[in-house]
Amino acid sequence: MDPKKKSVKEKNTNHEEKVKVIHWEDFQQELARLSSLSSALNEAKEKKSLIQEKLNSHLQLEAESLSRSNKLDQMRENLEARKLVMGNMSMRSKVVEEKSKKQEEQLNSQIRSLLMAGTSLSVASRNLQEANNSLNGERGYIRLQNLQKLLRGRQQFMVSQIALLYPVKVVSGHTCEQELESFSRSSKSGNPSGSKPMDAGSLTISGLHLTVLPFKKLSFFTDKKEVQRSATALGYVAHAVSLIAFYLEIPLRYPLRLGGSRTYICDYAPSVEPTSSDFTSISLSSSTSKPMEFPLFLEGQDTTRSAYAVFLLNKDLEQLLNCIGIESLGPRHVLANMKELLNNILSPEYINS
């Protein structure tokens, strides 16, 4: 049998089975039932459309509420961030406020100190003005001049007593070699810088010469009396220098430890210590603050320390000369500088200077 014919036959059979046969007596009833079913279906459709509309409206409201919730969360996050920023700004403002208070206190203290300084300055200015008025007056200036002359006259009198105690005189008939040279080889030709020409003769202090020979080389044949006389003369010069410095109120750069012919001179910061007859410079230990003492007399066979002591003594004489406005005659002439110092202090120009 053909399969197509078989399938058509089956479809017709199924259709016949589905077709319901209604009798005429039941037609009205079935029609009424169908009508009620149709109306119920229409009502169901209307209800479905209403429910669909309500569901759509609810979904729209849900979507709007969700977006609003998201916006609210974002606004809360922004609010928290602003609160954090405001907290930081508050902390910074507190720090700035504390700093400003401290600066204000400092400024107040500075203002108070400035006011006090201004007050003291005004008082000092007023005192200065009064002093200037008193000095500008003829009486005040003349009184000051008289006091200065009186002081210099007193100093001149005391130095004149030193000149009488230790007179420095020129004795003719001796060579200029007898004037001590503290560093005989420091200048090979000509006079040293700042020295003045000397008259022919030899200077003495209390009748004693300063001879250079014992300070150049000490041997078995050296005259011990000559050495002693030179040490005594240097002791006289040292005593006179210390007295003059005391009367003029001038602290000596190289202090003296007096002992007559056994006098020492101190060097608090020696830079060189001569240890040979050539007086060449050798480094000295300057780590300690204890002063070095150098003898103004011959001590043993070494003459270097004594010659350096005479050099320092001449530096003290140069200091005194410079303090009264006179230049030194040079580092070679001890007695010449001593005589120059006495002559200038005892001159009339010293009182009027």
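Colleague: How many residues does helix α6 have, and what span is expected at 1.5 Å a residue?

Modeller: Helices are DSSP runs of H or I with at least four residues, numbered from the N terminus. The expected span of a helix is 1.5 Å times one less than its number of residues. Helix α6 (residues 304–323) has 20 residues and reaches 29 Å from its first C-alpha to its last, close to the 28 Å expected. This is a predicted model, in which local features need pLDDT of at least 70 and side-chain atom pairs count only at pLDDT 80 or more, while totals for chains, interfaces and linings use all residues. Residues are numbered from 1 along each chain as its sequence is written, and side-chain values use heavy atoms, with hydrogens and water left out.

Colleague: How many residues of α6 are buried?

Modeller: Buried means under 20% relative accessible area, exposed over 50%, and partly exposed in between (1.4 Å probe, protein chains only). In α6, 14 of the 20 residues are buried, so the helix is mostly covered. Just after α6, Gly325 takes a positive phi of about 85°.

Colleague: Which residues touch the most other members of the largest nonpolar core?

Modeller: A nonpolar core is a set of buried Ala, Val, Leu, Ile, Met, Phe, Trp, Tyr and Cys residues joined through side-chain atoms within 4.5 Å. In the largest, of 44 residues, these are Val241, Ile244 and Leu313. Helix α5 (224–247) gives the most to this core, with nine residues. Contact means heavy atoms within 4.5 Å; Leu313 touches residues including Val241, Leu256 and Val334.

Colleague: Is Cys266 buried or exposed?

Modeller: Cys266 counts as buried, because its relative accessibility is 8%.

Note on methods: Helices (H or I, at least four residues) and strands (E, at least two) are DSSP runs, numbered from the N terminus. Lists of a residue's contacts leave out its neighbours within four places in sequence.
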